[in-house]
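Let's walk through this model together, one question at a time. Have the sequence and the 3D view ready.

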Amino acid sequence: MLMNFFKLIRLPNLLMIAVAQCLFRYTLVIPILNFSGKFILLTHVDFALLVVSTLFIAAGGYIVNDIEDREADRINKPDKVMVGEKISVNNAYKFYYLFTGIGIATGFYLQFYRPIEYIGYINLISSGLLYFYSTTYKGIILLGNIIISLLTALSIALVVLTEPLALSDTTVISITAGYVVFSFLVSFAREVIKDLEDMDGDAVADFKTLPVVMGTFAGKVTAIIIVSIVLLLIIYIQIISEQWKSLIPFLYVLLLIQIPLVWLLNLIARAKSKNDFYKTSLLAKVTMINGIFSMLVFYLAFR
């Protein structure tokens, strides 16, 4: 039962969100502010509660998505259907309301009793977007993909948005913009690839995803364009920052982000079967994780 619950809330994904937020705060934001003679205003306890609220909102989103996707999932991934098979619909709804409620309540506590402006409203809007994504938006061409990608990027941006001094530091803002754009675009490409993987079930469920509406070719071209933009942006940043002068970070980005992105383009172009698109989606996810851990590499290289 416990393992089914962990699968329902996507525990590994939640852990990666927490790791990403912690790495961004403790390996980039705080060191940069300290170097500039500034100090954080948000306490470690307040930040921990911020992370917890983010995780509860995300978990609620995963749960309601599984509730609404039951019909499509029976075709797309029949061996992985949780709601209605291993966890009752009624219990799933209880978990959804509990997790979302805790996430929203924690946000408003931080907003009204701690120095974090607007976080309660941000969590409320995020939970609303996740609900309507699952019930409505994911059935509208590209809209669902954009919403999930924006929320993925928001989980990184929150670390800066909730630290007042960080918002006034141009270096922090520049680095944040890089990671936010990277997260958004890679997530966007992966969402399109997942739609290609799930075409059969999505068509039955009448989800108007890009591949269902415009075909496999349009979906593949869209994913290729997005990944190509990511590659070009990374190359541009490397050139203007002369990143090769710092060998270890340069090699990390080259070997674990850029080369996988090039290979991802190859896999997208060659993919034909559901299994092909699954492997392609997995590589996109691994590349995003590598991007997250680049924060630690940069921190260790420049400390």
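In the residue classes used here, Ala, Val, Leu, Ile, Met, Phe, Trp, Tyr, Cys and Pro count as nonpolar, Asp, Glu, Lys and Arg as charged, and the others, Gly among them, as polar. This is a predicted model, in which local features need pLDDT of at least 70 and side-chain atom pairs count only at pLDDT 80 or more, while totals for chains, interfaces and linings use all residues. Residues are numbered from 1 along each chain as its sequence is written, and side-chain values use heavy atoms, with hydrogens and water left out.

Q: By class, how many nonpolar, polar and charged residues does the lining of the largest cavity have?
A: On a 1 Å grid over the protein atoms alone, a cavity is a set of points where a 1.4 Å probe fits but cannot get out, a pocket is an open set with protein on both sides within 12 Å along at least five of seven lines, and lining residues have an atom within 4 Å of a point. The largest cavity is lined by Ile156, Tyr179, Phe182, Ser183, Met288, Gly291, Ile292 and Met295. Sorted by class, that lining comes to 6 nonpolar, 2 polar and no charged residues.

Q: Which helix gives the most to the lining of the largest cavity?
A: Helices are DSSP runs (H or I, at least four residues; strands are E, at least two), numbered from the N terminus. The largest cavity has a volume of about 30 Å³, where a volume is the space filled by probe spheres set on the grid points, joined across faces, edges and corners. Helix 8 and helix 13 are the elements that give two or more residues to its lining. The one giving the most, with 4 residues, is helix 13.

Q: Where does helix 13 bend by about 30°?
A: Helix 13 runs over residues 274-302 and reaches 43 Å from its first C-alpha to its last, close to the 42 Å expected, the expected span being 1.5 Å times one less than the number of residues. A bend at a residue is the angle between axes fitted to the seven residues ending there and the seven starting there. In helix 13 the bend of about 30° is at Phe293.

Q: How many residues does helix 8 give to the lining of the second largest pocket?
A: The second largest pocket has a volume of about 1,200 Å³ and a lining of 34 residues, with Ile175, Tyr179, Ile237, Gln243 and Phe298 nearest its centre. By class, this lining has 21 nonpolar, 11 polar and 2 charged residues. Helix 8 gives the most, and its share is 10 residues.

Q: What is the geometry of the aromatic pair formed by Tyr131 and Phe132?
A: Rings of Phe, Tyr and Trp (its six-membered ring) pair if their centres lie within 6.5 Å; planes under 30 degrees apart count as stacked, over 60 as edge-to-face and the rest as tilted. The count by this rule is 15 aromatic pairs. Tyr131 and Phe132 are 5.3 Å apart centre to centre, with 80° between the planes, so the pair is edge-to-face.

Q: Why are Phe184 and Phe188 separated by about one helical turn?
A: Phe184 and Phe188 form a tilted aromatic pair, 5.7 Å centre to centre and with 50° between the planes. An α-helix has 3.6 residues a turn, so residues three or four places apart point the same way. The separation is about one helical turn because Phe184 and Phe188, both in helix 8, are 4 residues apart.

Q: Is Phe207 buried or exposed?
A: Buried means under 20% relative accessible area, exposed over 50%, and partly exposed in between (1.4 Å probe, protein chains only). Phe207 lies in the loop between helix 9 (199-204) and helix 10 (210-214). With a relative accessible area of 13%, Phe207 is buried.

Q: What is the phi of Tyr118 near?
A: Most residues other than glycine have a negative phi. Tyr118 sits in the loop between helix 5 (89-113) and helix 6 (119-135), and at 53% relative accessibility counts as exposed. Its phi is positive, in a residue other than glycine, and near 70°.
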